[in-house]
Structure formats: C-alpha cells, structure tokens
Amino acid sequence: MHACHLNTVGRDLLMPECMNQSLRTVSTAPKRSCHKTGFGLLYLVLAVAFVFPAAGNGAEMTGKGRVLVLNSYHQGYTWGDNETAGVLDALKAANVKADPLIEYLDTKQLPKQEHFPQLLALYRAKYATSPPDVVLTMDDPAFDFALKYRQQLFAGKPIVFIGVNAFQPAMLGGEKNVTGAMEQQDFRGTVEAALSLQPETREVVVVHDYTPSGLATQREVMHHLAPLSGRISVRFLPEMTIDQILAALGELRSGSIVLAVSFGVDKAGRVFNHSELARLLSEKSPVPVYSTKVERLGHGIVGGSLMDGHTHGVQGGELALEVLRQGSAAGVPVVEYPRSELMFDYRQLVRFKIPVKRLPQGSKLVNRPQSFYGQHGQVINVALLIIGVLSASLVMVVVANRRRLKAEEELLESRSYQVLFENASDPIFILDCHGHLLESSSVARDMFKLGGDDGQSRLLTELASGEDADNLRSFLQQIRKEGRGLFKTAFNVPQGESIPVEISCRAINYRGEESIFCSVRDIRERVLYEEKLRQLNNELERRIKERTKELTQVNRDLSSFCYAISHELLAPVARLKGFSQLLQEDLGENPDEAMYCAARIVVASEKLQQVIDSVLQLSRLAQSSFSPMPLNLSSMAREIAAEQVAGMPDRHIEVTIADGITADGDLQLVRLCLVNLIGNALKYSAHRAAARVEFGFDPGQGALFVRDNGVGFDMINAERVFEPFIRLHREEEFAGSGIGLATVARIIELHGGRIWAEAAPDRGATFYFTLSAVKELS
Amino acid sequence: MIPNSLLLVEDNEDDEYLSMRLLRKVGFGAITVARDGSEAVDLLLDHDQPLPELLLLDLRLPKLDGLEVLARIRSNERTRSLPVLVLTSSEDPSDRDTCHRLGAFSILRKPLQMSELEQALALLDARG
C-alpha cells in the first residue's frame, strides 16, 4: 500500500517530491475515529484491507488503441514525470489494455535538439511496422518533434498535445487531426484565492524573468488580471539581479502580495529552478508569495491555483482516450484553460497567520500536521484489529480468571464460615422455619448430646420443657416476623439438670430457604452473678435504712440535746427575771428581802455562766484532735484524786488507786474522763462520814472502774445518767453542770470503748469503762 | 375563785421562793410544797391526806420527773380530774405535747407571772 493516504487512488506516487508528506482536500478531509468494539474494528479493518485495492474502478474503456507518449524531457524531471504519471493514471482508470509506449526526448540535456535525427531513425525502426494509434506529446519540444516528423513516423495518426505554452492554431502549419490542452497558468484564479485569504490585499507584485517566454508570461498576467484592476494594482518588477529582487521584496508591507511566475534566469544570467526561486523569494519577502507552479509548493510559497503536471497529464490522457474513442482528433476541441488546483502550504498559512477556514472550497493543503493515523491508517487498523482480538481474548481470560477466583473465594469464605460455626464457643443451631434443627455446631452437639442423624430431625423446643417450650415456640414464630430477637429460657441437658440460657435469633436465608440462626448462651454464671448482685443490693438497701435510722436518731438526739441545753440556760434566766421583778415591784420597803433577791440573782448568774462553760467544753471536745498514746492511768488517777481531795480539807476520804494500770488513749481526753468520774465519786459521797473512792481494773468485768460509797441511784436510771442535764438528785444537794457523765460517755465512745454503771440508792455507784491495750502490772 | 388548796412541786429553792411569793400575793392560803416527783405522788395518792384543788407542777424533777408524775395522777381514780398547771423553763415541744396529752390544763413559763396565773385561774373557773 501507499505510504500516504489520498482521496484519489494512486495519486501520491506522482506528486512532486515536495508533497510527499501529505496532501488532503480540505473540504472532504475524512474524519476517522477508532471504533469502540472489537467486532466493529474487525469489519473496518477487513473493509480497508480487501475493499480498498479494488476501489477506483473507472468506467469500462476497452480502447484497443496504443498510445505513444512523447515526453520532452527525461525520467526524473518532476514536471514531466508528473505529466506522464497523470497520463498513465487516466489510461489505467479507463482500463486500456495495451501498455502505453513512452519515449523521452531528453531536451533538457540536449536543448539544441541535435539528436532528433537519431531519435527519428530509432523511432522509425521501433514504430514503422506497428505505429501507435495516438501520439500524446508533452511540452513544447515533443510537440515540435511530433509535428516535424509526423509524416515519417505517424502518418495519419492523431496527435494530442499537453504542456504547450501559448498555443496558436497557426502553430499547426495546416496539420489536421491534432488536439490537446494548452499549458495555461491560472493567474487570475491564484490572485482571487489570495484575495480570499488576505482580503486586505491592494497590490500584487509580479516577479518574472525577461526571457521571451517570461515576457510572454508578463503579457498573459496583465491580460488575466485586468478584470481585477478595481480591487488591486499590479506591479511588475523590472529586470534585476536576484539580490536586487530580494531587496525590493524586503521593503514590501502589509497589503501587498508577491506573485512569482516563470523565472528561469536573472539579469546576471543566474539560472534558478522552481524550488530554489520559491525558497529565496519567500525567505526574504515579509508578505506572502503566491505562484501558479506546483513545483514551488512546499518551498515557501503560500500556494495558489497551481498548474499541476499530474492533473495536466490526466487531462491529456483523457483527451487521448476521447480521440481513440472517436477515431480522430478532429472532433475534439483544444482545451484553452487546463485544470488547475487550489493548493496551499499549511506552514506558510501559519507563518502569515492566515486562518485555514478562509481557504476556498476544494483547496488542498500540504504540510498539515498529520495524525499518525492519517499516515499509517491501514497499519493502525490492522494493529487495532489485532489489539482488539487480543484484548477480547484478554478480557475473556481475565473474566474467566475472576470467575475462578470468585468461586475460590466463595469456597474459602464458606469454609471459613464453616470453621467459625464449628468452633464458636456458644452452641449454634440453624433451624428451618418450623424450628427443626438443620445444623448444630459441635459445641451444641456436645452440650445437648445430639446424635448425628437422629439429632437433625429434632425441634429446638424439645430442649426446653413445659411452659418454656411453649414460650420458645411462640418466640421462634415471632422471629420469622420480626427478623431478630433475644429470649431467656431453660434448656434440659442430658445430665438431668436444667440450665438457664439466652437465645439470640436472627432470620436468615440458608441454602435458599427461610431459616433461623440461633446462638445459645449458657447464662448460669450470669444468673449467679445477678443473684449475688441482688443480694448485695438488698444488703446495701438494708444498710442504708439502718444508717438513715441511726442518723435520724442522731438528729433527734441532737434536737433533744438542744432543748436540754436551752432548758439549762432558760432556768437560771427565769430566776434572774423573777428576782429582778421582785426587786422592781415589791421590795422597796423590805431591805432584807431585797438583799436576798440580789444574792439569788448572783447565784443564778453564776449558774448561767457554769452552764455556758460546760456547753463550750463539750463543744471543744467534739472538735479536739484525738491522738492515742500509752498512758499510765494509775499515776494519772492518783494525781487527779490528790488534787481534788486537797480542795476538801474538812472531809474524811479514803482514796484507793490500783498500781501499774496502763492503757492507750488521748492524754487530755482520758484525763478529763478521770477528772469527771473521780469528781463525781467525791461529790456523791460527800454525805458519808468515811467516804471511799476507788480506781482499778476489774478482771471479772474486763473493765476499768471508779467506785464510790455515795448516794448511788436507782438502776432504772442506769442509762439516763449518761444523758446531758439529767439530774437524779436535787440540784441543791449535788451542784454540777449536769453534763459531766455525758462528757465521759462521749470520750469513751471516741476511744472505741464502752461505759456503764452499777448502783443502788444509798449504796454507792460504780462506773465501768473500757479502753484499748489495758494492762495491769502488779 | 381562787382554789383553797394548792400543791407546788418544785425542787429548786429559788424557783420555789419566787412561785410562793407570787402565789401568796394572789391570795392562795393553803400551799403545800413537794421537793421531788416521788414526794408529790406520795402526797397526792395518800388517802389520808386531803387532795389539793390545784397542782402546780415543775417538769425537771429528781427521782420522778414531772411528766411521770402527771402520768401517774392521771391513771389514778382519786387524782384523775385534778387540775394541773405545768410550770417550766422547757421549750421542748415533745414535753408540751405530752403535757397536753396527759391533760395538763395549761403550761406556764418560769418565772410565774401574775397576769398569766390569773388568766389560767379564770379559765379554770370558767370551765367549772
């Protein structure tokens, strides 16, 4: 296949070398897109591979005649080659069976045509016996040759010419049976195309040489551009050297364009070919250079309506075919304006910032950056087909592989669920919708001694009994409606006992059937803990009640203590008031009674002060710090007794203190204790002629004691004596704060000890009390 | 109007002095004094002794306290309807409740005041 894709088949081989890269008709540039699917791609590729080679079949033309092509030049001369290729394409398209004969006259190498006689001899030898049916000449030398030697070589045979400049019928010299296409450059078409690309154009600067043919061209340009004189002015550069020409072009400004027509030689005699001239002009010109010669395209010109050798050749071939069909050239008129093609160079359009969209309809564009696909379409199609097929195969392999992996995963997953199911620490069952055991985990089988086959048909409710079984049955029915739930019941285990369980159930789909997943938890321990918790709660509640009761009692005690104190305070206050009122109201004339009242007022005041002091003492006791230490109680008691007895010089008192008694206690508090107890003993034994006061340890009671032989009291009051302000005797008999024993009891209580009294009226009293670490050293 | 005989139960000498001083001023003639609860009960329940027309009772008393005395005379046929005026420095509501429950006619605050005593006597008289 061809290296370059063209709309017209077989075209590219015959293009000038400059255009080998690309050529595409702008308006019909096909859009190709990759088909998405493999099968679509397959069809596409098949179409490209097999249908394309057959494409381009023209009309069936079974011309039997042979065509002799006379090429003025040599193989390798672009213009001539393109013409030849066009001719061949035309003949081929018409399915002409006989191969055309091609002769090259080599007039470039031998411009003086001195070899023509030899060619004549050669051709006579070649064609005398079987002359061609039509002679097609290309360019002036071949036309001249054919006319000159027609009689010797091709008498009576029609001649078709192409590439003849400025053809005049007179040139035929009376020869008939001749037709052809003039080599007429399309100057007007080129300038009109330039105007559509650059509407701002006001001047066309024409570059041509001053050879006879150049001057002829100048006249043609003038003639052809005359109709455009309203829009543009045309300026012909005078005869100059190439350098001068280039300098003149360098001064051109926007609004001008350059039209390069025939230019073979400059004023200095320097010869230029088309591409060289095109390159020089366009390099120096700041404005676009247009031309009518296709050979210049790709070498710097923007483009134009170009005379293309190939197109010309095709036209010639078609004329030859027409002549063959008619058997003569007489009825085939000469073509004055041969086909030209609007062709442009993309790179130059870009250089002069001319938008591609301004190109006239049907223009061809070279040097357009092409997609890789554009250049290698078929290869790509085939490659895509292969890729498609491979991709499809790959997809199938991947899909198959994924299915296999998924199947493996599912298998693994089901296996791992099986493992989880079998190894769960709680018994697990799967039940059908009626509660029959479908599956039982190993723990479940062990716990409930379920056999292999006979176990499978059992109902879960059979594990429970009586009311439990009925409740479980309705719970399972509820699971089918609600999806999940918890239920507590008792299950019978083979050892004969019934264990409390909690069943967690969930409706599931098992092997396509509605089923129930049941996890059974042995809650014996939990029940045990719950029972313990309940007991603890009860105990706690009991304790709280007890404590509340105690506190209530304490509150009540405190309240009654307050009333007791208030009474102790109010009593002397009342006396103060009473005696004061007496003084105020009645005793003006009775000085003795007035004196008495005043004295009682003093006593009542003192009493009041004493009560207040004792209350303060009790209060301090409650706040005092408590720091126990070993105490020698014997020496402490002896000291206190000695102190107090010293204050009663007129009494006879026998004090007995046991030796070596020690105990742990707070020094100040225990001392206060003994002060009160010994003081009481001395006080209440005051009536005795021989008072006895004793301190010691009673092993029988396991307690320390303070004993006296005083007035004693009724044991009915044995506990009341420790309440504050309780008086068992008339105050006048035994004065005191009424708070002493309450203080003692409070101190012993603080030490964690106990205090009690034993007494009888008029037979003395003994106060027993305990302290920690009591020792008796004797 | 003024009762002919009265028993005053009072352990404190000062209080006794003040009460006696006022009672005489009001006009009481036959006044007996008991120095503690037991003595008072013994006097009241002794059939050989004349029953006073009015009892003036302290609450804080040695041996038997005032409330106990009140309870005993209320449980005895002879003394059940004896009018009792309680004379105390106690502000304890439970004491007052017990006094009312046991039928004390009135509770008077120490020191005894002329106006209060006369008012109580007037009420007693009105009750009949």
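Reader: How many disulfides does a search of the whole structure find?

Author: The search covers all chains and returns 0 disulfides. Keep in mind that this is a predicted model.

Reader: How are individual cysteines to be read, then? Is B:C99 buried or exposed?

Author: Relative accessible area decides, and buried means under 20%. B:C99 has a value of 1%, so this cysteine is buried. A:C562, at 43%, is partly exposed.

Reader: What is the fold pattern of chain B along the sequence?

Author: Start with the elements, then their order. Chain B has 5 helices and 5 strands, and along the sequence they run β-α-β-α-β-α-β-α-β-α. Of the 128 residues in chain B, 54% are buried. Contacts can also be sorted by sequence separation: among those in chain B with a separation of 6 or more, 66% join residues 24 or more positions apart.

Reader: Turning to the interface, how many residues of chain B are in contact with chain A?

Author: An interface can be read as a residue count and as an area. Here 24 residues of chain B touch 25 residues of chain A. The area buried between the two chains is about 2200 Å², with carbon and sulfur atoms giving 49% of that area. B:D14, B:Y17 and B:R21 supply 24% of what chain B buries against chain A, more than any other three residues.

Reader: Which polar features cross the interface of chain B and chain A?

Author: The rules find 3 salt bridges and 6 residue pairs in polar contact, both residues of each pair being at pLDDT 80 or more. One of the salt bridges joins A:E593 to B:R21, where the closest N and O atoms lie 2.6 Å apart. On the side of chain B that touches chain A, helix α1 (residues 13–26) gives the most, with 7 residues. By class, that side has 13 charged, 6 nonpolar and 5 polar residues.

Reader: Is B:K110 buried or exposed?

Author: The cut-off for buried is under 20% relative accessible area. B:K110 has 11%, so this lysine counts as buried.

Reader: What does the side chain of B:K110 make a polar contact with?

Author: Its partner is the side chain of B:D58, at 3.2 Å. Leaving aside neighbours within four places in sequence, B:K110 is also in contact with residues including B:E10, B:D15 and, from chain A, A:A574.

Methods:
Residues are numbered from 1 along each chain as its sequence is written. Chains are lettered from A and ligands numbered from 1 in the order in which they are written. This is a predicted model: local features need pLDDT of at least 70, side-chain atom pairs count only at pLDDT 80 or more; totals for chains, interfaces and linings use all residues. Side-chain values use heavy atoms; hydrogens and water are left out. Contact means heavy atoms within 4.5 Å. Buried area is the accessible area (1.4 Å probe) that two parts lose on being put together, summed over both. A salt bridge is a side-chain nitrogen of Lys or Arg within 4 Å of a carboxyl oxygen of Asp or Glu. A polar contact is a pair of N or O atoms within 3.5 Å; within protein, one must be able to donate a hydrogen and the other to accept it, and residues adjacent in sequence count only if both atoms are side-chain atoms. Helices (H or I, at least four residues) and strands (E, at least two) are DSSP runs, numbered from the N terminus. Ala, Val, Leu, Ile, Met, Phe, Trp, Tyr, Cys and Pro count as nonpolar, Asp, Glu, Lys and Arg as charged, and the others, Gly among them, as polar. Buried means under 20% relative accessible area, exposed over 50%, partly exposed in between (1.4 Å probe, protein chains only). A disulfide is a pair of cysteine sulfur atoms within 2.5 Å.
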